[in-house]
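Here is a quick tour for someone meeting this chain for the first time. Have a look at the picture, then read on.

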Amino acid sequence: MIKKIMISQPKPASEKSPYYDIEKEYGVELIFRPFIKVEGLTAKEFRQQKVSILSHTAIVFTSRHAIDYFFMLAKELRLNIPEDMRYFCVTETISLYIQKYVQYRKRKVFFGTTGKIDDLIPLMMKHKLEKYLVPLSSVHNDDIKDKLDAKGLTHTECVMYRTLSNEFSEEEIKHFDYDMLIFSTPTGVNYLTKAFPDMQGNQLKLGAFGPATGKAIADAGFTPALVAGTKEYPSMVSALRDFLEKENGKQ
C-alpha cells in the first residue's frame, strides 16, 4: 500500500488543488519538494554570449521560467522591449503568464496547444521574416535549434537561466521514508540516482511527468510505475488517481 509520496514540484498555490482531494480519497500523504531549482544568469554572464536581444523581433517561450528570466534580464540590462515585439509560446497557459510583465492586449502573442515546439513551428512559419530569440536553460539539447534550422527560420538560442540540483539536507536523507517518488524532469531523476546511488528499484515506486522523464527513469535502470502527459493520462492528477485506485482503493 502507498502511504507517502514525494512529488518533485512546488506545492500547489490553491487549497482547492485536486491533489488534496487525492490525499483524502486514497489515504496518502503528498509531500511537494522540487528536486531542482532555477536561477537566472546575471547581466554580466549573459553578455558573454554576445547576444543582442533587441536585434530580434520575436521571442519563443517554452516555459514560465523563460518568461521570468527574460524580463528580469531585460530590466537588469535596462532594455526597453519594443511594443511590437511578438511572443510565441508552446502553450496558452505560458502565453497568459506574459501578463505578469506586459499588457497582454497590446502585444502580439501566439501559442501552440501541445506544449511541443513542433506544434508552434507552423505558426512561426506564417511569420517567416521574424528574427526569433529562444531563451533556454543551461540544461538543454539542440532539438529546437535543429527543428528551426530545418524550416529555414532565422533564430538565436541563448541561455538565460540555469537548472541546479536542490540538494537534500542530512535531515531529509535521514528521514527518507517515501513509498513513491514522482519526478517532473529528467534532471530530477539524475539527481536522485546521485544522491542515493544504492537505491533499489523494488524499494519504492517511481512516477514521471512526461515521456522524457519516464525514459530517464528507465535509463536509470528502473521501471516507471506511471507516466503522465500521455494520451491516456494527460495530467499527473489523472495518472496518480488511476494508479492509487489500483494500489490503495478508496479510503
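## Starting in a loop

Lys128 sits in the loop that runs between helix H5 (117-125) and strand E7 (131-137). Helices here are DSSP runs of H or I with at least four residues, strands are runs of E with at least two, and both are numbered from the N terminus. Before going further, note that this is a predicted model, where local features need pLDDT of at least 70, side-chain atom pairs count only at pLDDT 80 or more, and totals for chains, interfaces and linings use all residues. Residues are numbered from 1 along each chain as its sequence is written, and side-chain values use heavy atoms, with hydrogens and water left out.

Back to Lys128: its relative accessible area is 41%, so Lys128 is partly exposed. The cut-offs go like this: buried is under 20% relative accessible area, exposed is over 50%, and partly exposed is in between, using a 1.4 Å probe and protein chains only. Leaving aside residues up to four places away in sequence, Lys128 touches Lys151, Gly152 and Leu153. A touch, or contact, means heavy atoms within 4.5 Å. Gly152 is 24 residues from Lys128 along the chain, and their C-alpha atoms are 8.3 Å apart.

Glu130 is in the loop between H5 and E7 too. Is Glu130 buried or exposed? With a relative accessible area of 11%, Glu130 is buried. Its contacts, not counting residues up to four places away in sequence, are Thr57, Ala58, Arg86 and Thr154.

Now hop over to Ser55, which is found in the loop between H2 and E4. Ser55 has 37% relative accessibility and therefore counts as partly exposed.

The table puts some C-alpha distances side by side.

| Residue pair | Separation along the chain | C-alpha distance |
|---|---|---|
| Lys128 and Gly152 | 24 residues | 8.3 Å |
| Glu130 and His56 | 74 residues | 7.5 Å |
| Ser55 and Lys131 | 76 residues | 7.7 Å |
| Glu232 and His127 | 105 residues | 34 Å |

Glu232 has a relative accessible area of 61%, so it is exposed.

## Two loop residues with positive phi

Most residues other than glycine have a negative phi, and most peptide bonds are trans. Lys50 isn't a glycine, yet it has a positive phi of about 55°. You'll find Lys50 in the loop between helix H2 (43-47) and strand E4 (58-61), and at 75% relative accessibility Lys50 counts as exposed.

Arg78 also has a positive phi without being a glycine, with a value near 60°. Its place is the loop between helix H3 (64-76) and strand E5 (86-89). Arg78 is exposed, at a relative accessible area of 76%.

## Helices and their neighbours

How are H1 and H10 arranged? Helix H1 (residues 18-26) packs with helix H10 (residues 236-247) at an angle of about 5°, and their axes are 10 Å apart. That makes H1 roughly parallel to H10. Axes are lines fitted to C-alpha atoms, for helices over the stretch in contact, and angles between N-to-C directions run from 0 to 180 degrees. Under 35 degrees counts as roughly parallel, over 145 as roughly antiparallel, 65 to 115 as roughly perpendicular, and the rest as oblique.

On the H1 side, the contact is made by Pro18, Tyr19, Asp21, Ile22, Glu25 and Tyr26; H10 brings Met236, Val237, Leu240, Arg241, Leu244 and Glu245. Sorted by class, this contact of H1 with H10 has 8 nonpolar, no polar and 4 charged residues. Here Ala, Val, Leu, Ile, Met, Phe, Trp, Tyr, Cys and Pro count as nonpolar, Asp, Glu, Lys and Arg as charged, and the others, Gly among them, as polar.

Helix H8 (residues 186-195) has Gly188, Val189, Tyr191 and Leu192 as its buried residues. Seen down the axis of H8, these buried residues fall within an arc of 165°, so they line one face of the helix. The arc is that of the directions from the helix axis to the C-beta atoms. What do the buried residues of H8 pack against? Their partners are strand E3 (36-40), strand E8 (154-165), strand E9 (180-183) and helix H9 (211-219).

## Stepping back

The chain has 10 helices and 11 strands. Of its 251 residues, 44% count as buried. The C-alpha trace spans about 55 × 35 × 35 Å along its principal axes. The domain assignment gives domain 1 (4-35 + 169-248) and domain 2 (39-164), with bounds that come from an automatic or database domain assignment. Taken over C-alpha atoms, the centres of domain 1 and domain 2 are 30 Å apart.
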